[in-house]
Structures are given as structure tokens and as C-alpha cells.
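Please read them with the sequence and the coordinates open.

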Amino acid sequence: MSILLGVDTGGTYTDAALIDGDKVLASAKSLTTRHDLAVGIGGAVEAVLAAAAINPGDVGLCSLSTTLATNALVEGQGARVALVFIGFSEGDVARQGLQDALGSDPVVVLSGGHTHSGGEAAAFDGDALRAALERLGPVSGFAVAAQFATRNPAHEVAARDIIRVETGAPVTCSHELSAKLGGPKRAMTAVLNARLIGMIDSLIGAAERYFRALGIRAPMMVTRGDGALISSAVAREKPIETILSGPAASLVGARWLTGADRAIVSDIGGTTTDVAVLADGRPTIDPDGAQVGGFRTMVEAVAMRTTGLGGDSEVHVLESGLAGGLTLGPRRVVPLSLAALQHGEVVLSALERQEGAERLGDHDGRFVLPARHAGHAAHGLPDRDARLLERVGDTAWEMGKLLKNRMELAALDRLRARGLLMVAALTPSDAAHELALLDAWNGVAARKGLALLARRRNGAGELLAPDPRTMAQRIIDQLTRQTAQALMECAFAEDRMDPALARHPLTLAGHARHRGLTRLDAGLALPVIGLGASAGSYYRAVGQMLGTEMVLPAHAGVANAIGAVVGQITMRRTGQITAAGQNRYRVHLPDGPADHRDRDAAFAALRAHLDTAAEGAARDAGAEGIRLSAEEDLREATVDGKTTFVEATITVTATGRPRITA
């Protein structure tokens, strides 16, 4: 059969879509169930199969996209890991964002590493690694990065083998994620990969178990960050490649739904807003690597600007200045209207009491919710954090009753970052309930939360709003402003201008169509394709503010799920040749460097290796009808009129269609 099933698991909703040829047969949504992801996946898939009257056995291909990895990096979540850092100094930990990625997680610095030409710089100390592993304490996985591992990965491989024998924990080697130089940046990418393994493994495992139980025997693919498809086995090993998976799928879906060749695509979810550009019908690829949550990784992905702004972004009051104001995000919280569905007895009774109280408490309208689920084991928690987690248990709490002091507030922040606890508070989704833009959850809880926020005062001592409805409109207006800013930042960056210009007073005056002695206009010259379940509610106002056409296609709410299954499999393999002396060409291979006296022979040897590796990877990923293409980047120097070879990089791309079961 040609029926394709696409599934997208987001921070709030799990979407499903069935595709037959160029037609969407049906789509459906279900709440993402973090305690057991299979429940949310099952709800969406069963609903879409029923809506289309399709038997599970008729599905020929399944594919999954997800924003869970992206959201985890934006929100600073992930399990405790350890970095094994070979041939580097302690000072190198502070470079390229590595320290920020590690946080308080441990680092083991060892001797070893290689030179630029692939020769051993120092001997690898395996005994020191074994001793360090005994002292390390519990971690969920390891990242291994050695100096110039892309020139010779021998020490990373040796460390990986020791760690697997001694601990049995998953290991990520930096050379397996990127062939580029830049040790600390590769190490940072490996750390993030190791941190995501449990989360993505849990998601893929839940989906595969559910599909088998339902009777779906089709191959399962996962959308990569560049919009291509990879097998579920590859995604489990390299979950870092699924960052921007959901946004990349949305771009593929936007093209499929609209046929647009050139447009800005903006996808609003519960946690993030993802903005990118379609050029010639294809998403542009970021040459510097995916940037998410402040981290510039070495992962090849779409050129996407991800902002912590979504329907479930936390509403903050700005108390500085006489006017004050609101801002949204960057962290996601559970909307009060949703929390009231799941923990109604605690949430509704507390909101009722707080609304009637004479004075507002610091934490009124905020709740702490349990969030224990697979992939977020509580390894290595400080005593204070462990005690707070134990006290919460499986119950929802009023934040003011749970926290005894400021130190416990800091502990709560750390537990949120680990994904072990969640906070419920007021969000744009709650405001949308009050304004009749959304009617999915408990509108009573939303109204009470809005009433509490409206009673707070700005720097001039004035109430933020006279009533819940006005408060709700001000929150939605702020969402419009921040969305417009995210779109303008993307446009300025594409025009090779400073993205900070999006916040310049002249730009803001241009959005407001200032008319005085001067006439100011600022907007976009391209149409915007608005995606996401709430795009239809919020984005028309954004289009008006930016003076551009806002395209809201049918099925925009499940564009990620559609894009997840209509893409192709693409695998790339990259290798280098460097000058190793007079008429000596060094080919850097996974088994170590090999020297050639003849330049053409060196190029042929590397090309043959990369052809085999790329084609094999594509076949293992489930591709058929594989096509190979190659790009060469040659660096030469001219001295005294003589041209000398310096270095060459060859990239082979294998592209094919996913195999579909008959």
C-alpha cells in the first residue's frame, strides 16, 4: 500500500496524519503524555486510523518527527552525563559553549590525542580512565572527545571500548557526529547527544512498541534536523541529529501543503516558535551547524531560528519602570487550564481561595506538578533536590505551600531543568480560552489565573488590567509582538544584517506605521506560512503588523506530521586529504590515516571509501533507488608562482526513497 503515517510528538500535542499520494486522508491530535509517550502516540494514531477507516496493516511507512530534543535544549533539560576529554587542557572546557553544555556534570581530562596530520600526540592512558570511572558516581551516559579525532579516532575508540566494558552505559564519540575540526565544539555536541539518548530512546521505543501492538508492520523512520529521514536505529544512536527534527518536518510539510518556492515559515508550538526560509522550494541548511537553546552545534540542520515562545510560554510581569509590562517565555509551563484537567481538585480549589484573598502571595497562580517518566532518571541529585522531589511525589502542589525557602526555589529550578518536575502557571493558551480562541481545556481555571495576574501592579502602582478579558488581550498582543520580532530577526539575518535591528525603536515604530513629521514602515517582503495548531488563532494579527500576506494552509496544525513522512532519506559522509610532505597525500579514514604518493590515487581512495560508506548508510536507513553525488572543497596555496596542495574535503551524499511495505 502507498498509505503513509506521519507522527509528530511535541511538548503539548502529538499529531498524526495519513497520506495517500498527494492527499491528506485524515489528521488527529492527542495530548503528549510525558509519563508514557505511547499513550499520546496511541491516542493520535488510533484517532487518525478511525477517521480514515484505514486498517493498521494497510500502512506502508511510518515516520516520526519530534520537538522533544529541541525543547530539552531550549529549556536546559537532560540527564546527567560525563565527558571524557582526551588530549585537551582544563581551560579548553571553557571554549565554544562546552562549559555551558556541561553545567555541573563531571569531566575526566586524560592524556592522549593526535596531531593535525593524524599522528599520536601523546599516549592514551586507559588505566587513568578506569580509575576515574570508579570514582565518578551514577551517570546516564558518556561523551568522548579527543584532540584531532577527525584526523585519527583511535583514542576515542579506545576510550569508548573501556567505558562500555566497565559501565555498560551508552557512549557518544565526537568523531561519529562530525568530520569537522574544532575539538571543544565537537565535545559540546557529543555532550548534548549523550544527554538526549535516554529521552529519544524512550520516545522511539514507545512508538515502536505501540505500532507493533496495533498491527502496523511498516518500517519506522525518524525526521532528521535537515528534513531528511533516517532509520529509528540511527536516531537512537545519534539523537542529536533529531534536534530541529520537528521544525525541519514543518518546512517539508509547508512546501508539500502550499507548493511555495520562496517564503518565510513560522511554526508555533507549545514551547517554541521556529522560523526559517524556503528558497527554491527547499529549506536552507545552516553551514555553521544547528543553533538551539544558545548552543551552536556541529549538527547539519535547517537554518532555523528557534525562540522560546509558544502557546505554553510562561507569562512574566516586568516590574521595572513606571509602565512595566509583560514578556513571554522562554520556558514552557503547563497552562492552568490544562493543569486543572489533570489535577483539578488541587488547582481549582487553590485558585478559588487565592482569588478571594485580600492580598496576593508571591507564588499565587503557580503550581508544582510531578513529571517522572522514562528517560529522566534522578541520577546524582543533591540532597536538597532529592528531598524536594520525594516530598512532591505524585501529587500536585501549590507552589507557595511546597517551598519553604529560597534555597528550595533554586532546587525546584534544577529539578525542572532535569525534567523531573513541572510548573503550571498562566500562559497564552489560558488567555486564548478567555478570548474564545481556544476551547480545549478548563476555561474556569484560565479566567481565575487571569484575574490573579490582573490584580498585580506595575512600577507606577497601577493594576495591570481592569478585568480578566483585558488581561487576556494584553497577553495575546504581547505574543503578536514577540512573534513579529522573531520573524524580523530571521529576515534581517537572511539579509546579512544585525538581527538585533528587529528590536530597534525605528523598527518598532515602523510596525506601528508611525505617521508624524516622518513616515515609518517596517515589515516583510515575503509571504509568511503560518503553521501550528494555534497559528489560525494568533497569526493573522502578526501578518497585519508586518504588512505581509499570512498563508494559513489547510492542515497547518499537523504540518510537522505531514512533513515527517513525505521526505526522502539522505545520508552524507565527509572525509579529508591533507598534505603530509613533498608529494605525499594523507587520506584520513576511520581506521587511521593512509598515505599516497599520487594525488589522483589519494582522491580515488577517499572517494571510494565515502561512496561505500554513504550508500551503506542510506541502505541501512531503509533507502532504495539510491543516488550518489559528491562535492569537493580544494585548498591550494601559490608560492613563487608554484601551486601547492594544502587540503581537500570531499562530501558524498546518498539519496533514496524510503522502502514501503506492500
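At roughly what angle do the axes of helix H4 and helix H5 cross, and within what distance do they come?

1. The model is predicted. In this model, the axes of H4 (residues 126–135) and H5 (residues 154–167) cross at roughly 35° and come within 10 Å. The crossing of H4 past H5 is right-handed.

2. On the H4 side, the residues that meet H5 are Gly126, Leu129, Arg130 and Leu133. Their counterparts in H5 are Ala159, Ile162, Ile163, Glu166 and Thr167. Sorted by class, this contact holds five nonpolar, two polar and two charged residues.

3. An open sheet is made of four strands with mixed pairing, in the order S19-S22-S20-S21. Its edges are S19 (334–335) and S21 (397–398), each of which pairs on one side only. Helix H13, residues 406–417, packs on this sheet and touches S20 and S22. The direction of H13 makes about 105° with that of S22.

4. Strands S20 (residues 367–370) and S22 (residues 421–425) run antiparallel and are joined by four bridges. In general, strands of a sheet pair through backbone hydrogen bonds, parallel or antiparallel.

5. Pro370 belongs to S20, and its bridge partner in S22 is Leu421. Beyond the neighbours within four places in sequence, Pro370 has contacts that include His343, Val392, Asp394, Leu420 and Met422. Thr395 is also in contact with Pro370; the two are 25 residues apart in sequence, with a C-alpha to C-alpha separation of 6.4 Å.

6. Which residues does Asp595 contact, leaving aside its neighbours within four places in sequence? They are Ala580, Arg584, Tyr585 and Arg586. Asp595 sits in strand S27, residues 592–596. Its C-alpha lies 6.4 Å from that of Arg584, eleven residues apart in sequence. Asp595 counts as partly exposed because its relative accessibility is 36%, which falls between the cut-offs of 20% and 50%.

7. Is Cys62 buried or exposed? Cys62 is buried, because its relative accessibility is 1% and the cut-off is under 20%. Cys490 has a relative accessible area of 3%, so Cys490 is buried as well.

8. How many disulfides are there? The count is zero, where a pair of cysteine sulfur atoms would have to lie within 2.5 Å to be counted. A disulfide, in general, is a covalent bond between the sulfur atoms of two cysteines.

Technical notes
Residues numbered from 1 in each chain as written. Predicted model: local features only at pLDDT ≥ 70, side-chain atom pairs only at ≥ 80, totals over all residues. Heavy atoms only, no water. Pairing = 2+ DSSP bridges. Helix = DSSP H or I, 4+ residues; strand = E, 2+ residues; numbered from the N terminus. Contact = heavy atoms within 4.5 Å. Axes fitted to C-alpha atoms, helices over the stretch in contact; angles between N-to-C directions. Buried < 20%, exposed > 50% of the residue type's maximum accessible area, 1.4 Å probe, protein only. Left-handed = near helix turned anticlockwise from the far one by under 90°. Nonpolar A, V, L, I, M, F, W, Y, C, P; charged D, E, K, R; others polar.
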